[in-house]
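Q: Hi! Could you walk me through this one before I set anything up?

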Amino acid sequence: MQYLSYVFVILFTIVFGLLGWFASDGVKTQLVRAADILLFGPFLIYISTQVDAVWASIFLIFIGATTITYNLKNFIVDSK
């Protein structure tokens with residue numbers, strides 16, 4: 001059962017990450033983007049593994065993955 005929950009975390013992270021990647025178009029400083037990519041997004045995904053409610057876990061994965069990919073795409077575009 002524990003193994004299956006990690007599979008869902010990985011699966012939802014990928015799916016929601018793609019959603020965040022394709023939804024990005026905004027302006028932030030690169031420092032804020034780096035913090036979102038390296039700290040905030042991964043922290044939300046970690047917290048999703050500590051929550052008992054499935055819906056809350058999926059929501060946290062959604063927010064974490066889209067935060068990472070949204071900001072990563074804009075970080076790459078802005079640094080060119």
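A: Happy to. This is a predicted model, and in it α2 passes α3 in a left-handed crossing.

Q: At roughly what angle do the axes of α2 and α3 cross?
A: Roughly 160 degrees, and the two axes come within 8 Å. Here α2 covers residues 30-48, while α3 covers residues 54-78.

Q: So are they roughly parallel or antiparallel to each other?
A: Roughly antiparallel. The cut-off for that label is an angle over 145 degrees, so α2 and α3 fall under it with their crossing at roughly 160 degrees.

Q: Switching to charges: how many salt bridges does a search of the whole structure find?
A: One. The side chains of Arg 33 and Asp 78 meet in it, at 3.4 Å from N to O.

Q: Which helices hold the two partners?
A: Arg 33 is in α2 and Asp 78 is in α3. They are 45 residues apart, and the pair links distant parts of the chain.

Q: And the surface, which residues make the nonpolar patch?
A: Ile 10, Ile 14, Leu 18 and Phe 22 make a patch of about 450 Å². One of them, Ile 14, has its place in helix α1, which spans residues 2-22.

Q: Which element has the lowest mean pLDDT?
A: That's α1, at 76, whereas α3 has the highest, at 90. For the protein chain the mean is 82, with 88% of residues reaching 70 or more.

Q: Why does that matter for reading coordinates?
A: Where pLDDT is low, predicted coordinates should not be read in detail.

Key. Residues numbered from 1 in each chain as written. Predicted model: local features only at pLDDT ≥ 70, side-chain atom pairs only at ≥ 80, totals over all residues. Heavy atoms only, no water. Patch = residues over 30% accessible without salt bridge, like charges linked within 9 Å, V, L, I, M, F, W, Y side chains within 5 Å. Areas by Shrake-Rupley, 256 points an atom, 1.4 Å probe, with all protein chains shown as cover. Salt bridge = Lys/Arg side-chain N within 4 Å of Asp/Glu carboxyl O. Helix = DSSP H or I, 4+ residues; strand = E, 2+ residues; numbered from the N terminus. pLDDT = per-residue confidence, 0-100. Axes fitted to C-alpha atoms, helices over the stretch in contact; angles between N-to-C directions. Parallel < 35°, antiparallel > 145°, perpendicular 65-115°, else oblique. Left-handed = near helix turned anticlockwise from the far one by under 90°.
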